[in-house]
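Please consult the sequence and the model alongside the points below.

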Amino acid sequence: MYIAMNRFKVLKEAREDFEQRWLGRQSRLDEVPGFVAFHLLRGPEREDHVLYSSHTVWASEDDFIAWTKSEQFRAAHAGAGPSKPLTLGPPELECFEVVQALEMPTAGQPR
Ligand code: HEM
């Protein structure tokens, strides 16, 4: 498995707009071969920003790279250049090969 995370330093006054932008989008990740999971993560609040990360899990690095060249990626980023700035600068991409994964087989199911 492979994880690609983009870190966004979001201006404090823009956090609502930033979250709504993600929550309101029409995601097409479920069309993409090798896509496993997506999470939008809200992290710690610092003096001048709130840290967010878009976190995607892929079956392999090749699947992730193929997505970055796909029509679905292009469409998801067609409007990504913000009209009014929501972040301090561009996002920072960090990618990881999964070395070990442990999961509850029944995670997410009602008890
Ligand atoms: C290779 C680099 C990048 C990766 C891996 C990445 C990852 C992602 C992912 C997984 C999504 C969700 C797509 C979906 O649900 O279909 C997305 C959407 C988005 N990305 Fe990126 N992204 C990249 C580059 C960028 C850059 C450079 C920016 C900002 C300048 C950006 C800003 C956004 C925004 C704002 C959205 C939400 C889409 C919307 O507004 O409708 N991304 N990105």
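1. The ligand sits in the largest pocket. A pocket is an open set of points on a 1 Å grid over the protein atoms alone, where a 1.4 Å probe fits, with protein on both sides within 12 Å along at least five of seven lines; a molecule sits in it if more than half of its atoms lie within 2 Å of its grid points. The elements giving two or more residues to the shell around the ligand are β1 (2–10), α1 (15–23), α2 (61–68) and α3 (71–76).

2. This is a predicted model, in which local features need pLDDT of at least 70 and side-chain atom pairs count only at pLDDT 80 or more, while totals for chains, interfaces and linings use all residues. Residues are numbered from 1 along each chain as its sequence is written, and side-chain values use heavy atoms, with hydrogens and water left out.

3. The protein chain contains three helices and four strands, in the order β-α-β-β-α-α-β from the N terminus. Helices (H or I, at least four residues) and strands (E, at least two) are DSSP runs.

4. The ligand is surrounded by 17 residues, of which R21, R25, S27, R28 and H77 are the closest; a residue counts if one of its heavy atoms lies within 4 Å. By class, this shell has ten nonpolar, four polar and three charged residues.

5. H77 (NE2) is the only protein donor of the iron atom of the ligand, at 2.0 Å; donors are N, O and S atoms within 2.8 Å of the metal (3.2 Å for Na, K and Ca), and sites may look incomplete because water is not among the atoms. H77 lies in the loop between α3 and β4 (92–97).

6. Polar contacts (pairs of N or O atoms within 3.5 Å) also deserve attention. A polar side-chain atom of R25 is 2.6 Å from an oxygen atom of the ligand, and an N or O atom in the side chain of N6 is 3.3 Å from a ligand nitrogen atom.

Definitions and conventions. Polar contact = N/O pair within 3.5 Å; in protein donor to acceptor, adjacent residues only side chain to side chain. 1 Å grid on protein atoms, 1.4 Å probe; cavity = no way out; pocket = protein on both sides within 12 Å on 5 of 7 lines; lining within 4 Å. Nonpolar A, V, L, I, M, F, W, Y, C, P; charged D, E, K, R; others polar.
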